[in-house]
Protein chains: 2
Amino acid sequence: MEFVKGGVCAPAGFKAGGIYAGFRNNPAKKDLAMIVSDRKASAAGVYTQNKVKGAPIEVTRRHIEDGYASALICNSGNANTCAPNGVSVAERTCELAASALGLDASDIAVCSTGVIGQELDLAPFEAGIPVLAGTLSYDGSSEAAAAIMTTDTVMKETAVSFDIEGTRCTIGGISKGSGMINPNMATMLGFITTDVNISPQMLQKALSADIVTSFNQICVDGDTSTNDTVIILANGMAQNDEITSEGEAYHTFCEALSAVTTYLAKKMAADGEGATKLIECTVKGAPDDETARKIAKSVISSNLLKAAIFGSDANWGRVLCAIGYTDAVFTADSIDVEMKSAKGSVRVCEGSRHREYSEDEASEILKASGILIDVNMNQGTGCGTAWGCDLTYDYVKINGDYRS
Amino acid sequence: MEFVKGGVCAPAGFKAGGIYAGFRNNPAKKDLAMIVSDRKASAAGVYTQNKVKGAPIEVTRRHIEDGYASALICNSGNANTCAPNGVSVAERTCELAASALGLDASDIAVCSTGVIGQELDLAPFEAGIPVLAGTLSYDGSSEAAAAIMTTDTVMKETAVSFDIEGTRCTIGGISKGSGMINPNMATMLGFITTDVNISPQMLQKALSADIVTSFNQICVDGDTSTNDTVIILANGMAQNDEITSEGEAYHTFCEALSAVTTYLAKKMAADGEGATKLIECTVKGAPDDETARKIAKSVISSNLLKAAIFGSDANWGRVLCAIGYTDAVFTADSIDVEMKSAKGSVRVCEGSRHREYSEDEASEILKASGILIDVNMNQGTGCGTAWGCDLTYDYVKINGDYRS
């Protein structure tokens, strides 16, 4: 498996593009993206668990219910959530895209991200979709990645190539998200394409299993969006034998999928609103993997720990405190904690007790932009990882002054 | 029922005091508090749910297991958590207090708040306890309230007087807590005294029921402390007939207890680390009270909403988003939201949809220091309230730069 260029256009048979269509006031920021497969693709999706859901989620869920889709359209600047006529606007968006692309509306997935509670104007879709359809290209991934950004400061795109039974295959992805959600202008979106030949059922199974260790393990502020969506399209153009059950080919596919989603997840955590540092927490020695993942996520979600890391303070008491209030079953009296970065490593806690170390040295280590918090629960074989970011003045500024 | 002065010394037969004993480096800040009842009192306690627990919790729990206690001792500056010899230090503290007061060590409750992971030195107890015991007085509540403060900026103390079957009774309380916990220097502590004559069983029942709507409904940063403790002592000196079952006297007692705990809870939320505003969220029309409380707490716990309130931004999408990810069963399509303060009120959302309002007017209303977010779920009769505070630059500063 190797990382390759091209994002969602790296797999065979996918065009993409992005333009400024007028959802925002600033023409310098693209706000409409499209990804189109040359062939109808197996499709799968996962969606926010928030009870307040964006209207596009209802429409997308219905359109890929049969396991297939051909294209995906996404605007930024307005979330089409708690908004008048939400579902009919989302339906109409798919019809406009279908008509421009010569496809069925029921084969189009639709996503929106941006302000909640305001009616999503159809005019920018009506004017923009035909233009966008004309600019789609086999190297347009970055245009689409740029168009779905909101408060993101860097574009998130990646792709990997790998072999399934001797056939070269590729998976690509783009994503956005800068608060784990800021319901006014964020939302976590992930769009993944692949030329692997795989049945819709196995594709959904692979995606649903994958997000447990990738997108679900990142947290910027604990706020779950109304619009979070991950969609994967698999058009089969790599021409491997169709994957229809678990086996070596399926596992190879899952491994490559994990490389793409984990890369995108880490990119989103590192680009958390106001963040200056990526925090990775790895937990081993837990009773089981699920418990390890919960503990890791609890640690990287703690405001107090996030603020301490911002201040380069090796405040391991906050790590133990966050482990302790994790909603899972384990003992908390034999925990080891080590903090690491490119600048070195320091063991700060052993057997849930303080271990002598130099605060100055620890602070130097925590001044790096990538911080690893290594936890050993010493009670089993469960492992898990989660990614977050520090809590900074800029997070408060972005979210306090946002709409002004 | 009326609010009266005197804090934990307002009820008959309680002395209190606080001194600087040397747990901290700054002699201007008191760090050792004591509350002593003239008679052995019914005692009840509630403790943190964190799996990492301070050593004093184990000792206090054991000492009041028989339903009685006579005194309470508490130091600030060191939490005696994840610390060497924690339990024996806590035991020894009780022995020192018992010897100075002429009591049994098993009738003393002990609490600690402060830094995690460092051995709690016995020397300040050895030198300080006899001195403190000599300064206890029937108007020493404020001394004790000051000695338990950490990052708190204001002292929290209150008392109410009320009649039970014609007998004048009083409940007093002090508390501290400025992060719902900052494990390095915070912890929520509440110490309540009363001269009501009530059995240990009914006292525990009243306290356990009360915290569900008071202390458990506040949140500063979502981090649950390792040392959170609420202790109540009831010495019976009001000489009412002993309360041994639910009935009018019990309910009168519960009502007065709620006035004290709710007052202290709101004070703690308003004094949250870095806070400039108290946020109260009331939820009505929920399927049941528990769901209403969960929804209210989810709203006041949202980092995004907290930052918006700091910025005086009537960002109701964040209210709906936080309601939506509450872990409870309800529908989210008929929610009304109104934002209020001493400066006026504005209805921002009706039936889960945007309602036209002036952003300028709303912003003016949100510039007040007390903000009420009034939610109607329109689907039942459940009510609940929660209290929090805004998320500010100073929260990040306090918790990022804390130990430096």
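1. Helix 5 of chain B and helix 6 of chain B are oblique to each other, a class left for angles that are not under 35 degrees (roughly parallel), over 145 (roughly antiparallel) or 65 to 115 (roughly perpendicular). The axes of helix 5 (residues 200-213) and helix 6 (residues 248-270) of chain B come within 10 Å and cross at roughly 45°. Axes are lines fitted to C-alpha atoms, for helices over the stretch in contact, with angles from 0 to 180 degrees between N-to-C directions. Helices (H or I, at least four residues) and strands (E, at least two) are DSSP runs numbered from the N terminus.

2. This is a predicted model, in which local features need pLDDT of at least 70 and side-chain atom pairs count only at pLDDT 80 or more, while totals for chains, interfaces and linings use all residues. Residues are numbered from 1 along each chain as its sequence is written, chains are lettered from A and ligands numbered from 1 in the order in which they are written, and side-chain values use heavy atoms, with hydrogens and water left out.

3. Helix 5 of chain B passes helix 6 of chain B in a right-handed crossing, that is, with the near helix turned clockwise from the far one by less than a right angle. In the contact (heavy atoms within 4.5 Å), helix 5 of chain B contributes residues including B:Met202, B:Leu203 and B:Asp210, and helix 6 of chain B contributes residues including B:Tyr250, B:Phe253 and B:Thr261. By class, this contact of helix 5 with helix 6 of chain B holds eight nonpolar, two polar and two charged residues. Here Ala, Val, Leu, Ile, Met, Phe, Trp, Tyr, Cys and Pro count as nonpolar, Asp, Glu, Lys and Arg as charged, and the others, Gly among them, as polar.

4. In chain A, the axes of helix 1 (residues 55-63) and helix 2 (residues 86-101) come within 8 Å and cross at roughly 50°; these two helices of chain A are therefore oblique to each other. Helix 1 of chain A passes helix 2 of chain A in a right-handed crossing. Among the contact residues are A:Val59 and A:Arg62 of helix 1 of chain A and A:Ala90 and A:Glu91 of helix 2 of chain A. The residues of this contact between helix 1 and helix 2 of chain A divide into six nonpolar, two polar and three charged.

5. In chain B, six strands form an open sheet of mixed pairing, in the order 13-12-11-14-10-15; two strands pair if DSSP finds at least two bridges between them. Strand 13 (353-354) and strand 15 (382-389) of chain B are the edge strands, each pairing on one side only. Strand 11 (residues 336-341) and strand 14 (residues 370-376) of chain B run antiparallel and are joined by five bridges. B:Glu338 stands opposite B:Asp374 in strand 14 of chain B.

6. Helix 7 (residues 289-301) of chain B packs on the sheet, touching strand 10 (278-286), strand 14 and strand 15 of chain B, and its direction makes about 20° with that of strand 15 of chain B. Helix 9 (residues 316-324) of chain B lies across strand 11, strand 12 (344-350), strand 13 and strand 14 of chain B, at about 125° to strand 11 of chain B.

7. Chain B can be laid on chain A with an RMSD of 0.0 Å by a turn of 180° and a shift of 0.0 Å along the axis, superposed by least squares on the C-alpha atoms of residues with pLDDT of at least 70 in both. The two copies are thus related as by a two-fold rotation axis. In chain B, the C-alpha nearest the axis is that of B:Tyr393, 2.6 Å from it.
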